[in-house]
Amino acid sequence: MGELLQTEGYAGRAPFDGKIRLVQDEVRDNLTRKLRSGEELFPGVVGYDDTVIPQLVNALLARQNFILLGLRGQAKSRILRAITELLDPEVPVIAGVDMPDDVLNPVGAEGRALLEAHGLDLPIRWLPRAERYVEKLATPDVTVADLIGDVDPIKAARLGTSLGDVRSMHFGLLPRANRGIFAVNELADLAPKVQVALFNILQEGDVQIKGYPIRLELDVMLVFSANPEDYTARGKIVTPLKDRIGSEIRTHYPTDVRLGMDITAQEAVRSGDVTVPEFIAELVEEIAFQAREDGRVDKLSGVSQRLPISLMEVAAANAERRSLVQGDDAVVRVSDVYAGLPAITGKMELEYEGELKGADNVARDVIRKAAGAVYARRYGSANTRELEKWFEAGNVFRFPQGGDSAAALKATAEVPGLSDLAAEVAASSVDAVRVSAAEFILEGLYGRKKLSRAEELYAAPEPEARQQRGGRWN
């Protein structure tokens, strides 16, 4: 340790000068440097530049512990893990002890004993930032022993100490996160007794374990996440703990479809051989937006951003499977989106009305509405009068699902005006992309109730839809 004290950044930090750099100070210093240099603070976190991130930066500059409140799939865990990048690349800790302890200011009994025994010859090891982040998903069965620790009678007997001596403890997750960041996901799920133990550590640096008062003045940054609806659904955050958490920061879903598309493109894992047309990418994202507004979907549970991510992956996989079987270009179509129904139904919690209708039916209806919304935004002014008249005359069109794209594109010429409009929408000379555009146009008209649909068969709208529109097609 003697050599360490002579290095830049550690000289003058001996225990007697009182200038101990805590984890919050370390995070603040590195955050300040990044802000001055204009570096990106939280890579991969999209859509929070004007809302969540400024509040988060304020909390970190103020050296506060904080909690992120938001529904599922709002990047809460990603943000907590990203704070690790604000730690130093590595820090020295005392070697040979269970709890990472500062070489200049040990808080554990073992660390203090080693410092007293070895002095400047104290053995140290370097702890990388990746090992300084400890995360725990809270569940009702988590105990104080899991988080804080428990008395170890065997250890007490071996050391010849009393059970109330801190040296007889078997440390839990929180002490093992000393000199780092400790994150608790879904804080409200913790039992009140465990929350009180966290509060004691956060406020006083002590805790009672099996009736023995244990003093642990840990150097740890505590961060939390929770779903605000879980306060009443599965538990609540006890008032004393909530009052001691410095900042309460609310997260949210993407505020517009374009931001959601950026997130999905960033997160979805798919083969590079699969092409996703822009209108299909927007349709996939719009499905999540429509589901969040649908009265049959439980708004308190939310619709995770994982829905469009999973849907994009499954739709792309279906397009790839079709390409492998038929030897055609792998381009995602509307039919591939419907093939991704399992990725939608598992991400939606339904209200009673939705349960009665069935998850698959609700999901199909959400896809229809999303297709109508995207079509209206992009091509609502397109002239489809001739196409609609053709269906109104009693004609039906079964969109080809088999065969190559050239044959499918030739089949679309049967519908007046469809091929020309598909070429305009696709903005591509690739047959497979034009086929995808043609199917999207028909699905968009179906979503706007200008056509009806039964599987891949498109026809004139149902009589009630005609009546609602007053018999006019616009």
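Two strands are taken to pair if DSSP finds at least two bridges between them, and helices (H or I, at least four residues) and strands (E, at least two) are DSSP runs that are numbered from the N terminus. The views below come from a predicted model, in which local features need pLDDT of at least 70 and side-chain atom pairs count only at pLDDT 80 or more, while totals for chains, interfaces and linings use all residues. Residues are numbered from 1 along each chain as its sequence is written, and side-chain values use heavy atoms, with hydrogens and water left out.

**View 1. The chain as a whole.** The secondary structure of the chain comes to 23 helices and 14 strands. Of its 474 residues, 52% count as buried, where buried means under 20% relative accessible area, exposed means over 50% and partly exposed lies in between (1.4 Å probe, protein chains only). Contact means heavy atoms within 4.5 Å, and among contacts between residues at least 6 apart in sequence, 72% join residues at least 24 apart.

**View 2. Strand 1 and its two partners.** Strand 1 (residues 66-69) is covered on both faces, with Phe66 and Leu68 buried on one side and Ile67 and Leu69 buried on the other. In a regular strand the side chains alternate between the two faces of the sheet. Strand 1 pairs in the parallel sense with strand 10 (residues 220-226) over four bridges, and in strand 10 the bridge partner of Leu69 is Ala226. Strand 1 also runs parallel to strand 11 (residues 247-250), to which four bridges join it; here Leu68 stands opposite Ile249, and Ile67 stands opposite Glu248. Strand 11 has a covered face, formed by Ser247 and Ile249, and an uncovered one, formed by Glu248 and Arg250.

**View 3. The surroundings of Leu187.** Leu187 lies in the loop between strand 7 (180-185) and helix 9 (192-203), and at 0% relative accessibility Leu187 counts as buried. Leaving aside neighbours within four places in sequence, Leu187 is in contact with several residues, among them Ile67, Leu198, Phe224, Ala226 and Ile245. Leu187 and Ala226 are 39 residues apart in sequence, yet their C-alpha atoms are 5.4 Å apart in space.

View 4. The buried residues of helix 12 (residues 257-267) are Val257, Gly260, Met261, Ile263 and Thr264. They cover an arc of only 165° around the axis, which puts them on the same side of helix 12; the arc is that of the directions from the helix axis to the C-beta atoms. An α-helix has 3.6 residues a turn, so residues three or four places apart point the same way. The buried residues of helix 12 pack against helix 13 (278-293), helix 14 (306-326) and helix 18 (359-379). At the start of helix 12, a side-chain oxygen of Asp256 reaches to within 3.0 Å of the backbone nitrogen of Arg258.

**View 5. Aromatic rings.** Rings of Phe, Tyr and Trp (its six-membered ring) pair if their centres lie within 6.5 Å, and planes under 30 degrees apart count as stacked, over 60 as edge-to-face and the rest as tilted. A search of the whole structure finds six aromatic pairs. One of them joins Phe397 and Phe399 edge-to-face, at 6.0 Å centre to centre and with 90° between the planes. Phe397 is buried, with a relative accessible area of 3%, and Phe399 is buried as well, with a relative accessible area of 1%. Elsewhere, Phe279, Tyr375, Tyr379 and Phe440 form one aromatic cluster.

View 6. An open sheet of three strands has the order 12-14-13, with antiparallel pairing. Its edge strands are strand 12 (397-398) and strand 13 (452-454), each of which pairs on one side only. Strand 13 pairs with strand 14 (residues 457-459) in the antiparallel sense over three bridges, and the bridge partner of Arg453 in strand 14 is Tyr458. Arg453 also lies over the face of Tyr338, at 4.4 Å from the ring centre; a charge sits over a ring if NZ of Lys or CZ of Arg is within 6 Å of the ring centre and within 35 degrees of the ring normal. The charged end of Arg292 likewise sits over the ring of Phe289, 5.4 Å from its centre.

**View 7. Ser335 in helix 15.** Ser335 has its place in helix 15 (residues 334-339) and is buried, with a relative accessible area of 15%. Not counting residues up to four places away in sequence, Ser335 touches Gln401 and Glu439.

Definitions and conventions
A polar contact is a pair of N or O atoms within 3.5 Å; within protein, one must be able to donate a hydrogen and the other to accept it, and residues adjacent in sequence count only if both atoms are side-chain atoms.
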